[in-house]
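This report describes selected residues of one protein model. The sequence and structure come first, followed by short notes on each site.

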Amino acid sequence: VALIDMDCFYCACERALQPELQGIPLAVVQYNPFQGDGSAGESGVVSHPPQPAVARVVVRDGKVLMTSAINGGIIAVSYEARARGVTRFFRGKEALSTCPEIVLVQVPTAHGKSDMTM
């Protein structure tokens, strides 16, 4: 019997791309084209390729860097963020209010969909 924690998988992928995120509360959010800064493309989603990964950081040091993704649903939560009360049932805004030191990263997107070609 094996247990694979897929809930933390995307956080591990982001940490592989950005090693400085090791040990920091981290969550990965989906895009949300329905609320943000008005920078959405035709599909409602701005494309953000996997690299440079730092360009997909939504929140860092308590500052919102990408308002078009702050209301995105969380799809992965690191153990550090879980210990501070963040769950996958949160949106980015809720995670930030629960854990002000959290770093939120948006999944890579292309053509209005998730881009998992990392």
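## Arg15

Arg15 is found in helix α1; helices (H or I, at least four residues) and strands (E, at least two) are DSSP runs, numbered from the N terminus. The model is predicted, so local features need pLDDT of at least 70 and side-chain atom pairs count only at pLDDT 80 or more, while totals for chains, interfaces and linings use all residues. Residues are numbered from 1 along each chain as its sequence is written, and side-chain values use heavy atoms, with hydrogens and water left out.

Arg15 is buried, at 10% relative accessibility (buried means under 20% relative accessible area, exposed over 50%, partly exposed in between; 1.4 Å probe, protein chains only). A polar atom of the Arg15 side chain lies 2.6 Å from the backbone oxygen of Ile24. Beyond neighbours within four places in sequence, Arg15 is in contact (heavy atoms within 4.5 Å) with Leu21, Gln22, Gly23, Ile24, Leu26, Ser78 and Glu80.

## Cys99

Cys99 sits in the loop between α3 (92-98) and β5 (103-106). Its relative accessible area is 1%, so Cys99 is buried. Residues up to four places away in sequence aside, Cys99 touches Pro25, Arg84 and Val86. The C-alpha atoms of Cys99 and Arg82 are 9.6 Å apart in space, with the two residues 17 apart in sequence.

## Ile4

Ile4 belongs to the segment before α1 (9-17). Ile4 counts as exposed because its relative accessibility is 64%.

Methods
Polar contact = N/O pair within 3.5 Å; in protein donor to acceptor, adjacent residues only side chain to side chain.
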